Amino acid sequence: MNQQPVPVNIANKLAQFCDLWSQKTIAQLNDYEVKLAKLKGEFVWHKHDETDELIMVVSGRLTLQLRDGEVTLGPGELFVVPQGVEHCPVADEETAILLFEPVGTANTGDAGGARTKAPEPLV
């Protein structure tokens, strides 16, 4: 029996959780995960040595601090952090983001530490 294809509604998925800095997997494409997260405050400086990282703001504002400047994103804007580039996400207000990166990519990249969390599937 074939199942009816169902689109992923990002707003509905975001309404299912409120924890901050915790990635939720909402889809998988080949070897990549599509994840959502809610952010507020400052994260840790880190880099991903093996992959680029696509970050898109769904709501709120996000500043990506880079060692040579910063990029500020509003709703509907995205930025690709190149492989190996150190960055530190900062959200002055609660901000929802969509991430696209390979399965198994650590949220803290090379930094590790107490804020490292595996993404959780969001059904």
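The charged end of R67 lies over the ring of W45, 3.7 Å from the ring centre. Here a charge sits over a ring if NZ of Lys or CZ of Arg is within 6 Å of the ring centre and within 35 degrees of the ring normal. R115 does likewise with W21: its charged end sits over that ring, 5.3 Å from the centre.

A word on the source. This is a predicted model, where local features need pLDDT of at least 70 and side-chain atom pairs pLDDT 80 or more, while totals for chains, interfaces and linings use all residues. Numbering runs from 1 along each chain as its sequence is written, and side-chain values use heavy atoms, with hydrogens and water left out.

Now turn to rings that meet rings. A pair of aromatic rings is described by the distance of the centres and the angle of the planes. Rings of Phe, Tyr and Trp (its six-membered ring) pair if their centres lie within 6.5 Å; planes under 30 degrees apart are stacked, over 60 edge-to-face, the rest tilted. The count by this rule is two aromatic pairs.

W21 belongs to one of them. Its ring and that of F43 have centres 4.7 Å apart and planes at 10°, so this pair is stacked. W21 is in the loop between α1 (10-14) and β1 (24-29), and F43 is in the loop between β2 and β3, so the pair ties together parts 22 residues apart in sequence. Helices (H or I, at least four residues) and strands (E, at least two) are DSSP runs, numbered from the N terminus. W21 counts as buried, at 10% relative accessibility. F43 is buried too, at 9%. Buried means under 20% relative accessible area, exposed over 50%, and partly exposed in between (1.4 Å probe, protein chains only).

Y32 and F100 also stack, 5.0 Å centre to centre with 10° between the planes. Y32 is in strand β2 and F100 in strand β7, 68 residues apart. Y32 is partly exposed at 33%, and F100 is partly exposed at 25%.

W21 and F43 turn up again at the largest cavity. Its lining has 14 residues, with W21, Q23, F43, P89 and I97 nearest its centre. A cavity is a set of points on a 1 Å grid over the protein atoms alone where a 1.4 Å probe fits but cannot get out; lining residues have an atom within 4 Å of a point. β7 gives the most to this lining, with four residues.

Definitions and conventions:
On a 1 Å grid over the protein atoms alone, a cavity is a set of points where a 1.4 Å probe fits but cannot get out, and a pocket is an open set with protein on both sides within 12 Å along at least five of seven lines; lining residues have an atom within 4 Å of a point.
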